[in-house]
Amino acid sequence: MKTKKVYLFTFGMLLIFLSSFGIWKAYVAKAPFTDSDLKMMNKELIKLVEEGDRLWHSPELGTNGLTCGNCHPDAANSNANTFPKFQTNIGDVATLRDMINWCIRVPLEGKELPHDSEKMKALEAYAIYMYRMQQLRPGDNSKEYPSNPVKSGPGYP
Ligand code: HEC
């Protein structure tokens, strides 16, 4: 017990020591980003969303000429805000990436993507971005949620 207290005390002193140099701050909290930092970050995200949009409307993910957009225009009915949730066709709690792969394999008759691939990241970014105005409802299988209304253009940024 005593050694535990000594460790805690030492750790505490170390934190105080590090924070006095402003070093610890970098690890515990988000930096107050500048406007140009935020702009740069958003630009990078939109680039990924754009790539997701391209893939979503490209037959390259499958083998039968279908695209995600044929059945999910503007990401509609992908219900990106409801994941993770139980999927009866998978028989388990599925992530959005699991379901993207299910649709690549089944309706598109394509080859599933590795979950950590750039293409998967882009498809996920597009779907979530198109659902950005919806409240997160993990597990909700009660109904379909519309994606953000698109009056013209791709629906972003
Ligand atoms: C031929 C029509 C069709 C195409 C093409 C298609 N899907 Fe689907 N998608 C469905 C159907 C049907 C379901 C519902 C399956 C279920 O939940 O039983 C679904 C469900 C989904 C879901 C989960 C929705 C939910 O709430 O359960 C996501 C996410 C999804 N699709 C993404 C995609 C992506 C990404 C692509 C392209 C790679 C794609 N879909 C292509 C028909 C299609």
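Predicted model: local features only at pLDDT ≥ 70, side-chain atom pairs only at ≥ 80, totals over all residues.

**Exercise 1. State what percentage of the chain counts as buried, and what percentage of the contacts links residues 24 or more positions apart.**

Solution. The chain has 157 residues, of which 21% count as buried. For the contacts, consider those with a separation of 6 or more; residues 24 or more positions apart account for 61% of them.

**Exercise 2. Identify the residues with the most contacts inside the largest nonpolar core, and the elements that supply this core.**

Solution. Begin with the core itself: the largest one has 23 residues, and A80, L123, Y126, A127 and M130 have the most contacts inside it. Next, assign the core to elements. At least two residues each are supplied by helix 3 (35-56), helix 5 and helix 6 (118-130). The largest share, 8 residues, belongs to helix 6. Finally, take A127 as an example. Leaving aside residues up to four places away in sequence, A127 touches A75, S78, A80 and L96. As general background, nonpolar side chains tend to be buried together in soluble globular proteins.

**Exercise 3. Determine how helix 5 is oriented relative to helix 6, and which residues form their contact.**

Solution. Two quantities are required, since two packed helices are described by the angle between their axes and the distance between the axes. For helix 5 and helix 6, the angle is about 105 degrees and the axes are 10 Å apart. Angles of 65 to 115 degrees count as roughly perpendicular, so helix 5 is roughly perpendicular to helix 6.

**Exercise 4. Characterise the shell around the ligand by its nearest residues, its elements and its classes.**

Solution. First, the shell consists of 19 residues, and those that come nearest to the ligand are C68, C71, N79, C103 and P107. Second, the elements that give two or more residues to the shell are helix 4 (68-71) and helix 5 (96-105). Helix 5 provides the largest share, with 5 residues. Third, the composition by class is 12 nonpolar and 7 polar residues, while charged residues are absent from the shell.

Terms used:
Residues numbered from 1 in each chain as written. Near = placed C-beta within 6 Å. Helix = DSSP H or I, 4+ residues; strand = E, 2+ residues; numbered from the N terminus. Nonpolar A, V, L, I, M, F, W, Y, C, P; charged D, E, K, R; others polar. Core = buried A, V, L, I, M, F, W, Y, C linked by C-beta atoms within 7 Å. Buried ≥ 20, exposed ≤ 12 C-beta atoms within 10 Å, placed from the backbone. Contact = placed C-beta atoms within 7 Å. Axes fitted to C-alpha atoms, helices over the stretch in contact; angles between N-to-C directions. Parallel < 35°, antiparallel > 145°, perpendicular 65-115°, else oblique.
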